[in-house]
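Student: I would like to learn how to read the helices and the surface of a model such as this one. Could we go through a few features together?

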Amino acid sequence: MNRPRINSVTLLFCLAFLVAFLIRLAGLGSAYLNDAESSWALQALKVSQGTHPDIGAQPGLVLFTGALFYLFGASNFLARLLPALSGAALVFVPGFFMDRVSKPAAIVAAFGLALDPGLIAMSRQVDGHILALTYTLFGMGLLYIRKPIAGGISLGLALLGGTSLWLGWLGLLVTGLLYRIARPRKVDSVEDQPAETGPVSLTSPGFYRPVLLAMAGALIFGGTLFFLEPKALSGIARSLVALGSAQTGAGPVSIGVFLNGLIFYEALPLFLAIIASVRAIVRRSGLDGLLAVWWIVALFLAVINPARQVADLVWALVPMWLLSARLTARFFESGFPGSLEGAQAALTIVLLVCAWLNFVAAQANLGQDRTPHWAAIVFMFFFLGISVILFTWGWNSRVALRGLGIGVYFLMTLFMLSTAWRSTGFVPRPEQELWRIGPDFKQAGLLIQTAGDFSGWNTGERNTLDIVVANGSPELKWLFRNYTKADFANVLPVDATPSLVITGNQTNLSLPGSYTGQSFVVDEQPDWSTLQSSDWIEWMMFRDAPVTKGLAVLWVKSNLFPGSADFTQKRN
């Protein structure tokens, strides 16, 4: 009996998925949900409780997360689980088009998508961007390999992905129209042929019927959670109406912040995609030209969006990585670098690292003479240029330029990995990251611990003391969701005497009895508008932008403090 053999390509794709899976799930529930995340998590919690809430513009995220809450209980980890799994599954997208992009390029793209800083950041937040992107690209891939039913189901689920979906689908539509108008008359090779000559034809008789039926079935069953939440289908219309309006409560980011989110986080795929796009224009390459149009259109639409967010860049990242992977595969198709190229690459790495260290030192010593550092930087680049000339003179330009390219590629990869680590949130100041949606709930752990201590001291349980959250934000409602006597009141009655009260930042509490208050930082985010051009360089190195803070005050009845007369009497 012949057993199916797993080839090396399949193993590499599985390895890329494992890397993406571990990065996205590691410590996923350790960070507390902020306002933007909590608003969706609270809707999912109500779905799990069967209260039939009004579901907003991300019905897929809310419904499926609500199902997880119903089965396993609500938690920070489960609230972020669907985006994390969808982000990890994105690495399989290049495999659908392997016959066009080539196997080496598909593998490089898979690892690029696994380690991309922006995709990692969006996969670790309660948001529908990644769901819309993954389901859409899976649908396109399944249609390409002649799986109309599976492709239709995936596209139907993509329609539940939220407002971001319409921006992405508009980009795909515009890309298709522009490419058809400016399609090259000739192609360089078989793999550069336009996609419509592939194994599936969207114009074949009877192709659309199963696709549309599958999409309708996915919407009817998935969009209503098997008829448990029929109102959720209205979320599709809400997501379309919400296009162009801010969804995070923080308003649109400036074009400068938006572009910095692209340059500082996506330097490697951006640099390679620009080179590959220019090459595609010069050589009139079919597939590369299509990918170039796609990422440029996606970037343009994200920039002109009145409610632009850095997160909207996710629709440009996949074509950028496919272009970068194809360029990388061509660069190494002649084999691994020889000793001479390796020597040039090593010299390039040493010189550029020395230049970078001097640049960091110059930025850190603003009050001192920085002339020696700048002189060292100029010398490093001068010596690098001389080395390229000498290698060209002694051997040939191919050795010199290939070694230079390998060195630069290696350093940019290290920079990307460093930024990817920051995007996970495992850093002292996660609020300083540009791809973060909403502010950081800075002292959530201290706030819930303090309230739990008072509850434990006075009732023996950490979540049974009565508490009123006045005008509470979604993040506070989510944080205290497990308190059995929690009251989330818009207006606090003047005669109320709760044990614990949480209010905004105020200096006194007009309630009967004596209360003692302590403020906590609940929202902290950088004030990007204050940063000048030179400040962005410093931020890139040290992640130290000025921040704005939002405070909340926890008020505790004075007789609940250990040591008070009432507390001692109760203990006795």
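Predicted model: local features only at pLDDT ≥ 70, side-chain atom pairs only at ≥ 80, totals over all residues.

Student: Where is Leu 22 placed, and is Leu 22 buried or exposed?

Tutor: An α-helix has 3.6 residues a turn, so residues three or four places apart point the same way. Leu 22 lies in helix H1, which covers residues 8–25, and Leu 22 counts as exposed because its relative accessible area is 51%, the cut-off for exposed being over 50%.

Student: What span should the 13 residues of helix H7 have?

Tutor: At 1.5 Å a residue, helix H7 (residues 103–115) should span 18 Å, and its end C-alpha atoms are 19 Å apart, which agrees. At its N-terminal end H7 is capped by Ser 102, with a side-chain oxygen 3.4 Å from the backbone nitrogen of Ala 105.

Student: Which helices do the buried residues of H7 pack against?

Tutor: The buried residues of H7 include Ala 105, Ile 107, Gly 112 and Leu 115, and the buried residues of this helix pack against H1, H5, H6, H8, H17 and H20.

Student: Which residues of helix H23 are buried, and what follows H23?

Tutor: In helix H23 (residues 533–542) the buried residues are Trp 536, Trp 539, Met 540 and Met 541, and they pack against helices H14, H18 and H20. H23 is followed by Arg 543, whose phi is positive, near 50°.

How values were computed. Residues numbered from 1 in each chain as written. Heavy atoms only, no water. Helix = DSSP H or I, 4+ residues; strand = E, 2+ residues; numbered from the N terminus. Buried < 20%, exposed > 50% of the residue type's maximum accessible area, 1.4 Å probe, protein only. Contact = heavy atoms within 4.5 Å. Expected span 1.5 Å × (residues − 1). Polar contact = N/O pair within 3.5 Å; in protein donor to acceptor, adjacent residues only side chain to side chain.
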